[in-house]
Every structure is written in structure tokens, then in C-alpha cells.
Amino acid sequence: MKQSKYLNDLIDALTTLPGVGKKSAQRMAYKLMRSNKEKTLNLSEKLSNVTSQVANCSICGIYLDLSDTVMQNDSGDCQLCIEEGRDVSKICVTESPADVYTIDSSTNYKGYYFVLDGNLSPLDGRGPVEIGIKRLEARLEKGNIAELILATSTTIEGEATSHYVQQLTHKYNIKVSRIAFGIPLNGELGYLDSDTISHAFNERKVL
Ligand SMILES: [Zn+2]
């Protein structure tokens, strides 16, 4: 018997989410079908909003609402990047905008941030270009940076990315440090509590 084409399309779309296989996608789709229509439409509206109303900060790369950008300034910079009193000599590199919020709220770090578009993963076709290394180089070339803090995850991909960026900094005469202490191997920052992050950040070592 043939299943609804629209339902199949939804299941296929759900499998593009991280960690969601065919079975889980089917369960989610059937659950949505059983929910009341308003709830499902609300989810649809939220998905539509994030694609049309949210952009990346042109400097650090974190997410911000387009409506807020207009209110702050015309160049699309976030509050962190235009905040006065931050230390321009320090830049912290993360693999996700979520990690910026975690670090900024868990530590007393007052430098700037740079968000890569994920980590290097050659098997998935993600090389330096895909994760935004060119943007990072452009930022480093502007000068004024004395310390770069590598805050990518301790997964294999996170370590590879950290190593790659460290190599990249050689020509800029920048001190490079890596957060390490307290972060479990193969750990993703997003799953850790703020005390662990704070400790790891403060105990970073020079590479
Ligand atoms: Zn920013």
C-alpha cells in the first residue's frame, strides 16, 4: 500500500536533522500528525521565521535577529562586537554560535569571538573553505590580535580544526592557547555545565 507522498516528504526532511534516522523521523512525523493542527503550524512558522529573520553577525558570526541589527547599526554587527571595553587583543575561536553564549555567560573572558562554521571533517566534504577559514584569516590579517584562544570541542574533528588554526597563526606572531582542562575527551561544549566550561577556560594552556 502506498503511503502519503507529503508524509514521506516530511519524513525525508526530518532525516536531515543530526542524529535522526529513518525510524525516528517516522515516529516524529506520525506524532506531528496526531498533534493538533495549531501546534504543527506553530512549528512550521518558527522554522520559517529562523530562515527569514535570523542572520549571522558580519564580524563574529553569531546569530542575531535582522530586526535588532537595524536597531543597533547598519552593518549587521552584534552586541558583543560593538560593546565598548572589550579587549581587542584577544579572540576566541569556536565551532558554533551556541558556544559563544556558553563561554560568555560562564567565564570572565572579555575579548572578542570568531565562530567557525563547524569543524573540519574531510570525510563529510568539510574542508577549510567550508568552515570559514578564509574569513578567519581576513580577521587575523587586520592585526591587533595578541592571543587566539581555541575553544573547539575535544572531538577528533574539533582537535583537527584546532591544530589547523594553530598552524595558520604561525605567520601572524600570535600567542595561541587551547581550552583543555576539565573538558572530557570526545566531549561537546554544548553538553557541559557552566562550572566545567569556566574552569577549562581559565586553565587554558599556551600551545
Ligand atoms: Zn558579532
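Where is Asn-173 found? Asn-173 sits in the loop between helix 8 (156-168) and strand 6 (175-178). Helices (H or I, at least four residues) and strands (E, at least two) are DSSP runs, numbered from the N terminus.

This is a predicted model, where local features need pLDDT of at least 70, side-chain atom pairs count only at pLDDT 80 or more, and totals for chains, interfaces and linings use all residues. Residues are numbered from 1 along each chain as its sequence is written.

Five strands form an open sheet with mixed pairing, in the order 4-3-5-6-7. Strand 4 (111-115) and strand 7 (205-206) stand at the edges. Each has a single partner strand, so one side of each is left without a neighbour in the sheet. Two strands pair if DSSP finds at least two bridges between them. Strand 3 (residues 87-94) pairs with strand 4 in the parallel sense, over five bridges. Ile-91 has Tyr-112 in strand 4 as its bridge partner.

**Two loop residues.** Phi of Asn-173 is near 55°, a positive value in a residue other than glycine. Gly-118 lies in the loop between strand 4 and helix 7 (133-141). A residue is buried if 20 or more other C-beta atoms, placed from the backbone, lie within 10 Å of its own, exposed if 12 or fewer, and partly exposed in between.

| Residue | Other C-beta atoms within 10 Å | Class |
|---|---|---|
| Gly-118 | 17 C-beta atoms | partly exposed |

Leaving aside neighbours within four places in sequence, Gly-118 is in contact (C-beta atoms, placed from the backbone, within 7 Å) with Glu-95, Arg-126 and Ile-131. The C-alpha atoms of Gly-118 and Leu-150 are separated by 13 Å. These two residues are 32 residues apart along the chain.

How values were computed: Contact = placed C-beta atoms within 7 Å.
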